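Please have the sequence and the structure open while I talk.

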Amino acid sequence: DTIQGDFMATLASLTDAAMQSFHDHHGMSTTSQLRIDGVSRRARDRLVDAGILEHVHKCVYHITSTPLTLEARCAALSMAHPSGFVTGPTGGKIRVLRRMPTSANIHFSIPHTLGLAAIEGVTLRRSTIVDRGDIQRRADGINIATPWRLAFDLAADLDDMDHASVVEQILHDQHCGIGALIVVGRRLVHPSRNGSTRFLATLVGRVPGGPLESHPEVVIAKMLRARGVPVVAQTTWLDLPNGSKARIDLSVPHVCWGVEIDVHPDHLFLRGTTADKGRDRQAHLIGWQIERVTALDLLDPEAIVDELVALYVVRCDEQAALRGLTG
């Protein structure tokens, strides 16, 4: 009873304000915040001895009743090193970006001048250029790279296609505009800085038109353009005879030819395929030819692109012949 009473008395030293701080910051708090919240140094030591709190970084404590999630670990690092920020694959996971490589380590960027020793479970990335606008300081305690800085940093972690895909997602989801990416490129692209060449190539090599919505769209669009098919993305709207409108994923407007990338599961079921076929018939009525690429087609991208290129060539020949007859 005495032991239990001592434990309860120790637990009671965690004020409501302190508990709210832990709740709002993924189970993390700092010595200064605990002091503000009414937890004295002596009370903090007792809480550590009782196993209620644990010391995870200098001046940072974790309440052991909460899990050490990725976000919790990122919050702890940000509290311990406020001049640094989460970036790379870790930042991508937190921002729910696609095509992120598997990495158990947290990627954490710090100023080059900060003499920080190695930290277990952390990949330290030292940067000579960090602007105030590169860091978003979230209310939950996590410092994370802003979308434009993250797009640049990820160029060192991803291959060409995956980086292009992530940039399209950032633009499509309106995390930032192309102007912000151009600005960060002007500031950070340098021959000696990792990822610079890829970042520049991604911006220069974007498919004309609106942001591509999915990774398969990026793959097919880039492969088609590499084969000389001048598709544009998400810009062509068709006014169909039944009064509806249809936006084509990829299109070559001057020959009225388009490609729809049907990766959503709904396209595999009867209702979805029926709607697709109905829309295609409406497009045919106004002279448009629509090709569809399914998730199964994407198992062999080279084969489906070969077929699309052949179909495009035939379409161009048909349109040329038609113009000759009407000319």
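This is a predicted model: local features need pLDDT of at least 70, side-chain atom pairs count only at pLDDT 80 or more; totals for chains, interfaces and linings use all residues.

**A strand pair, its sheet and the cores**

Is Thr 236 buried or exposed? Its relative accessible area is 9%, and because buried means under 20% on this scale, Thr 236 counts as buried. Leaving out residues up to four places away in sequence, Thr 236 touches Ala 246, Arg 247, Ile 248, Ser 251, Pro 253 and Trp 288. With one of these, Ser 251, there is also a polar contact, side chain to side chain, at 2.6 Å.

Stepping back to the sheet as a whole, four strands form an open sheet in the order E9-E10-E11-E12, and the pairing is mixed. Strand E9 (232-239) and strand E12 (289-294) stand at the edges with a single partner strand each, so one side of each has no neighbour in the sheet. From one strand to the next, the twist averages 45°.

Two helices pack on this sheet, and I will take them in turn. Helix H11, residues 215-226, touches E9, E10 and strand E11 (257-262), and its direction makes about 45° with that of E10. Helix H13, residues 301-326, touches E10, E11 and E12, and its direction makes about 180° with that of E12.

That brings me to the nonpolar packing. In soluble globular proteins, nonpolar side chains tend to be buried together. Here the largest nonpolar core has 25 residues, and those with the most contacts inside it are Ile 220, Leu 224, Leu 250 and Trp 257. H11, E10, E11 and H13 each supply at least two residues of this core, and the largest share, six residues, comes from H11.

Which residues does Leu 224 contact, once its neighbours within four places in sequence are left aside? They are Val 229, Val 231, Leu 250, Val 259, Val 305, Leu 308 and Val 309.

Finally, there is a second, separate core of 21 residues, which includes Ile 135, Leu 150, Ile 170 and Phe 199.

Definitions and conventions: Residues are numbered from 1 along each chain as its sequence is written. Side-chain values use heavy atoms; hydrogens and water are left out. Two strands pair if DSSP finds at least two bridges between them. Axes are lines fitted to C-alpha atoms, for helices over the stretch in contact, and angles run from 0 to 180 degrees between N-to-C directions. Contact means heavy atoms within 4.5 Å. Buried means under 20% relative accessible area, exposed over 50%, partly exposed in between (1.4 Å probe, protein chains only). A polar contact is a pair of N or O atoms within 3.5 Å; within protein, one must be able to donate a hydrogen and the other to accept it, and residues adjacent in sequence count only if both atoms are side-chain atoms. A nonpolar core is a set of buried Ala, Val, Leu, Ile, Met, Phe, Trp, Tyr and Cys residues joined through side-chain atoms within 4.5 Å.
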